[in-house]
Amino acid sequence: MSEPRKSTNRPAGNVRAWVNGERVDPTAPSIAAVDHGITVGDGVFETCKVIDGVPFALQRHARRLDRSMAGLGLAAADHKVIAAGIKAVLAGEPIAYGRLRYTVTGGTGPLGSDRDSSPLTYIVTAGPDRPNPDSGKLVVVPWTRNERSATAGLKTTSYAENVVALAYAKERGGVEAAFANSVGDLCEGTGSNVFVVVDGEILTPDLASGPLAGVTRELVIEWCREEGLTVRAEPLPMSILTKAQEVFITSTVKDVMAVHAIDDRPLPAPGPVTAQVVEIFTRRSRERLDP
Ligand SMILES: Cc1ncc(COP(=O)(O)O)c(C=O)c1O
């Protein structure tokens, strides 16, 4: 494998990067200035958890990438190319706990929203992460998700809306934001799905409510059902957050995280049902690295 090109600006830190077939310095220029992923956010990405150098649930992430590419109307990604990038960034000293992120964009394009027929751009990065706290506060944000948007449910690189909402939540002591959708139903967080527990039942917004089909959400639903818990995905009014006895969020980098407050409303964290979900998820995810 060739050595990454050296940057003349700030150090690469712990992130390993690979772009279109080459290991690169993550802070050095390696993407065209007119890449459509940069100019208009015309790209998709996936983030996988890495444990002891091995990525978790790779196949589910690959399937979601395919859905996101198709949803944007981009050509199908070449998974052999992505696999080569993953191998390159995970080679060497194993990352004990971290994240792998791969991005595929429409490639170079015009300055506007039109596309030309240039080849796709592939970017693969990986680096260590700090483990998450066991619980956190959820802050309801004043902006809505549009469940009828052309990109609803797609994991596109147009994430500025999430950047703004997460900053709003963090300024208020939160670990994550909660979005309503355009009809006032609960949707999701900036990078996680939301579950509530009402009278012993686990409820989460259905996909028609506009959330991303989280890989962790999918596994929680499947595994909890297999273990006899009631889990329903359905439209949930925002007022559910004021009556839920427990709330938890799920994501690749957070796994299952208990919510100890929603805005000023304290909650038990973890409540008994959430503790059961954490136990099921922890046990089942250790059994198979690519469930
Ligand atoms: C908007 C959004 N919702 C939900 C999730 C959770 O999905 P996953 O469990 O696949 O990480 C993510 C994280 O990637 C996300 O970006």
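Predicted model: local features only at pLDDT ≥ 70, side-chain atom pairs only at ≥ 80, totals over all residues.

**Exercise 1.** Identify which residues come nearest to the ligand and state how much of the ligand the protein buries.

*Solution.* 
Step 1. The ligand has 15 residues around it, and Lys155, Tyr159, Glu188, Thr216 and Thr252 come nearest.
Step 2. Inspect the polar side-chain atoms of these residues. One of Lys155 lies 2.5 Å from an oxygen atom of the ligand. For Tyr159, the separation between a polar side-chain atom and a ligand oxygen is 2.4 Å. For Thr216, the corresponding separation is 2.6 Å. Each pair falls within the 3.5 Å cut-off for a polar contact.
Step 3. Turn to the surface of the ligand, which exposes 380 Å² when taken alone. The protein buries 95% of that area.
Step 4. Classify the shell around the ligand: 3 of its residues are nonpolar, 8 are polar and 4 are charged.

**Exercise 2.** Determine which pocket corresponds to the space taken by the ligand, and describe the lining of that pocket.

*Solution.* 
Step 1. The ligand takes the space of the largest pocket.
Step 2. The volume of the largest pocket is about 1,000 Å³. Its lining comprises 45 residues, and those closest to the centre are Lys155, Tyr159, Asn162, Thr190 and Gly191.
Step 3. Assign the lining to secondary structure. At least two residues each are supplied by strand 3 (43-51), strand 5 (97-105), helix 4 (160-171), helix 5 (215-226) and strand 13 (246-251). Helix 4 provides the largest share, 5 residues.
Step 4. By residue class, the lining of the largest pocket holds 13 nonpolar, 19 polar and 13 charged residues.

**Exercise 3.** Which elements supply the lining of the second largest pocket, and how do its residues divide into nonpolar, polar and charged?

*Solution.* 
Step 1. The second largest pocket has a volume of about 530 Å³.
Step 2. Its lining consists of 23 residues, with Lys49, Lys254, Asp255, Val256 and Thr282 nearest the centre.
Step 3. Strand 3, strand 14 (255-262) and helix 7 (272-287) each contribute at least two lining residues. Helix 7 gives the most, with 5 residues.
Step 4. The lining of the second largest pocket divides into 14 nonpolar, 4 polar and 5 charged residues.

Terms used. Residues numbered from 1 in each chain as written. Heavy atoms only, no water. Near = heavy atom within 4 Å. Polar contact = N/O pair within 3.5 Å; in protein donor to acceptor, adjacent residues only side chain to side chain. Areas by Shrake-Rupley, 256 points an atom, 1.4 Å probe, with all protein chains shown as cover. 1 Å grid on protein atoms, 1.4 Å probe; cavity = no way out; pocket = protein on both sides within 12 Å on 5 of 7 lines; lining within 4 Å. Sits in = over half its atoms within 2 Å of the grid points. Nonpolar A, V, L, I, M, F, W, Y, C, P; charged D, E, K, R; others polar. Points joined across faces, edges and corners; volume = space filled by probe spheres on them. Helix = DSSP H or I, 4+ residues; strand = E, 2+ residues; numbered from the N terminus.
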